[in-house]
Amino acid sequence: MEEVAFEPRVLAFCCHYCAYAAADLAGTMRIQYPPNVRIIRTPCTGRLETEFLIKAFETGADGVLVAGCLEGGCHYTSGNLYAKRRVQYMRDMLEEMGLEKERLRMVNISAAMARPLSDAITDMVETVRKLGPNPVTRNGHKSKQVETRVEPSNANPQSAICNPKSKQVEKTL
Amino acid sequence: MIVAERKKIPELLDIVKEHQRLLVLGCGTCVTVCLAGGEREVGIISSALRIASRLQGVDLAVEELTIERQCDNVFIEQAADAIERNDAVLSLGCGAGVQAVAERYHNKPVYAGLNTTFIGILEEQGIWTEKCAACGACVLHEYGGICPVTRCAKRMLNGPCGGSREDRCEVRPDVPCAWQLIYARLKEIGQLDKLQRIAPPKDWSHSIDGGQRLIVRQDHRI
């Protein structure tokens, strides 16, 4: 029987004022990004509590992306800076628990940065794909991951999914 | 208030490794305020224990509960059912809370999930400082309300050691010299003459040596 391909499930917490709008813009611009991501809109990344992040991993997310405003550009002045500290705290805690800290990442995106958001999502999905499934909930698949990359024949040539390593987005963490 | 900080997850996992059903019991008083053992921290530590135990292939079911105060029998009673249906309790209360729960439930192991650190205050968001060593014989009235026992690294009672540099402690340059603070405070309130007094050796018999301390108030006994 053929092995079921591992498709990462990445949760993206996107700030209403920047990354979520960038995702909207990506749609308008017809920029594609991997369908592995589930976007949750937050009023500000400062709204994110530590427990949201740990619950995501406990309940099956293979990776979590926190996308907030550019530093200095937070609608609420400093919510993204608070989020940055919480993400760092949780990355340390992930290591304590035995999970790879690379499964959690924060990026800073403005509302106009549709392409960088798409690249950030693609990069996150590919990072998680290499790490394999979240062993907490998908232990059975841990050692048997199959590398699959969808190459749709009729895809937009500018699509991020067709060229996932087109551009490495600078990571804040 | 009592200030504590959480133990690391591997240590917690090692503490509870013999058990399959664990109650993580939070306390809604001091450790909630110092963000170490309140309802939120119970949720985070419980999730972390579930994740870490699954990764290690350990079968551990974790239940969460937070009561108002772990050092009070009235509130501990509210946890009776939850304690009964679990194999052990990981208390996120201070040391007093852990022992109060343990004394009440003789047949259940009760473990400390926090390191109780000191009696202190919230200095600013996310920063707590020690203010009292509970020495049992308070001398704050002599020193303008600044405790040399807690805040001077050498516990000097008769003036500064002479090692401070730019008003900072020579042992801990990140903290101010307590004696500089005492001098400034006494000057401010016009009590510099108190520094003329020679303080006799402090009576440490009221402090932690000599076993558990006890206070009995006959006027409140019934």
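This is a predicted model: local features need pLDDT of at least 70, side-chain atom pairs count only at pLDDT 80 or more; totals for chains, interfaces and linings use all residues.

Q: How many residues does the contact take from chain B and from chain A?

A: Chain B contributes 13 residues and chain A contributes 13 residues. On the side of chain B that touches chain A, the elements that give two or more residues are α1 (9-15) and α3 (39-55) of chain B. The largest share of that side, 10 residues, comes from α3(B). By class, the side of chain B that touches chain A has seven nonpolar, two polar and four charged residues.

Q: How should I read the packing of α2(A) and α3(B), and at what angle do their axes cross?

A: Two packed helices are described by the angle between their axes and the distance between the axes. Here helix α2 (residues 50-58) of chain A and α3(B) have axes that come within 10 Å and cross at roughly 25°. Angles under 35 degrees count as roughly parallel, so α2(A) is roughly parallel to α3(B). The crossing of α2(A) past α3(B) is left-handed.

Q: Which residues in α2(A) and α3(B) meet?

A: From α2(A) they are Thr50(A), Glu51(A), Ile54(A), Lys55(A), Phe57(A) and Glu58(A). In α3(B) they meet Arg40(B), Gly43(B), Ile44(B), Ser47(B), Ala48(B), Arg50(B) and Ile51(B). By class, this contact of α2(A) with α3(B) has five nonpolar, three polar and five charged residues.

Note on methods. Residues are numbered from 1 along each chain as its sequence is written. Chains are lettered from A and ligands numbered from 1 in the order in which they are written. Two residues are in contact if their C-beta atoms, placed from the backbone, lie within 7 Å. Helices (H or I, at least four residues) and strands (E, at least two) are DSSP runs, numbered from the N terminus. Ala, Val, Leu, Ile, Met, Phe, Trp, Tyr, Cys and Pro count as nonpolar, Asp, Glu, Lys and Arg as charged, and the others, Gly among them, as polar. Axes are lines fitted to C-alpha atoms, for helices over the stretch in contact, and angles run from 0 to 180 degrees between N-to-C directions. Angles under 35 degrees count as roughly parallel, over 145 as roughly antiparallel, 65 to 115 as roughly perpendicular and the rest as oblique. A crossing is left-handed if the near helix is turned anticlockwise from the far one by less than a right angle, and right-handed if clockwise.
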